[in-house]
Amino acid sequence: MGWVAIRGLHWDQVLEASGELHVLWVLAALGVFIISNLCRAYRWRVLYVNERITTLRLFVIENIGLGVNSILPVRVASEAVQFTLLTVRDRISGGTALATLGMTRIMDIWASTLLLALGFLFVQDKGDLGRYAAAALAFSMALLVLVMVLARSGGGPAFLRRVKIITAFAHSLAEMERHKMRLLASMLVSLGLWVCLGACGWIVATDMEIELTLPQAVLVVLFTIFVATSLPSLPGGIGTFEFAMTFAMEQFFGIDKSTAFPYALVMHALLFLPPMVFAGILLPREGISLFSALRSNGQEDSGEAKEQPAMGN
């Protein structure tokens, strides 16, 4: 995909387009990206009904997970890292951590597919992509319905309810469903954070004198992130990201590939580097704290084991 992205480029035009960048505009785009991540953390915080955790703490955990995911070929580690930090380091119950993690991912799917489906209204020659977007939206709505059914059924079939974490997960989902305004607020923030990511792309496009409206920039960014995070690829989505973004800009809006490619490089750096740097700085500290928490839990468990025989005597 990386080879397809650079094949046929006019490098003099690439350098000329790259020269249009201004530091202040890039910093403004970076600021909007950070705001979107704060929205992501707040969206997550709203889902915690009974357990206390701050938005800032969730911002740290979210970015660590995003950073770890960015360096792996298959993005499966984010939820595992975040679940471990929440349950061991922050002492959030496993069911609540699992339920909130699952709900935020479903909301991401729901919000992004909804915006993608709406965004294709701005594309004249959709081809099969419009049908794919409609199918993805239907799938995301089905996921929401499935979650509600699971919450009301208490964990599904009897054999699943024997698993403690599944029962706790279903209980947490049921608790969320009783607070519908929280769910609605979280869904609306999910839409807002994806629009912020599109606004980040629009700022960079404006600086580089690329003719993209805000709705078009939202569509390009959403399409690119969907492709880059769905397919196995090199760490950081190298090549896959550039291919998806140049394809979207060229096919949907007729933007020359030699102009789209440097734009894709800038957007790739803006969207992927900050969480990777964040994880590189904070993950070692979190690891030390995690080790301390595990050792403390182990000492508590051994202390309780010693007390039980004495109580029996």
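This is a predicted model: local features need pLDDT of at least 70, side-chain atom pairs count only at pLDDT 80 or more; totals for chains, interfaces and linings use all residues.
**Aromatic pairs**

The structure contains 7 aromatic pairs. In one of them, the ring centres of Phe 223 and Phe 247 are separated by 6.1 Å and the ring planes stand at 20°, so this pair is classed as stacked, given that planes under 30 degrees apart count as stacked. Because Phe 223 belongs to helix H11 (residues 214-230) and Phe 247 to helix H12 (residues 240-253), the pair ties together parts that are 24 residues apart in sequence. Phe 247 also pairs with Phe 252, with ring centres 6.2 Å apart and planes at 75°, so that this second pair is edge-to-face. Ring pairs join Phe 223, Phe 247 and Phe 252, together with Phe 243 and Phe 253, into a cluster.

The table lists the accessibility of residues discussed in this report.

| Residue | Relative accessible area | Class |
|---|---|---|
| Phe 223 | 12% | buried |
| Phe 247 | 30% | partly exposed |
| Phe 252 | 9% | buried |
| Ser 258 | 1% | buried |

Phe 223, at 12%, is buried because its relative accessible area falls under 20%, whereas Phe 247, at 30%, is partly exposed.

**Packing of H11 and H12**

Sorted by class, the contact of H11 with H12 comprises 14 nonpolar and 3 polar residues, with no charged residues.

A pairing of another kind involves Arg 40, whose charged end sits over the ring of Trp 194 at 5.8 Å from the ring centre. Ser 258, which lies in helix H13 (residues 257-312), is buried, with a relative accessibility of 1%. The C-alpha atom of Ser 258 is 5.2 Å from that of Val 14, although the two residues are 244 residues apart along the chain.

Conventions. Residues are numbered from 1 along each chain as its sequence is written. Side-chain values use heavy atoms; hydrogens and water are left out. Rings of Phe, Tyr and Trp (its six-membered ring) pair if their centres lie within 6.5 Å; planes under 30 degrees apart count as stacked, over 60 as edge-to-face and the rest as tilted. Helices (H or I, at least four residues) and strands (E, at least two) are DSSP runs, numbered from the N terminus. Buried means under 20% relative accessible area, exposed over 50%, partly exposed in between (1.4 Å probe, protein chains only). A charge sits over a ring if NZ of Lys or CZ of Arg is within 6 Å of the ring centre and within 35 degrees of the ring normal. Ala, Val, Leu, Ile, Met, Phe, Trp, Tyr, Cys and Pro count as nonpolar, Asp, Glu, Lys and Arg as charged, and the others, Gly among them, as polar.
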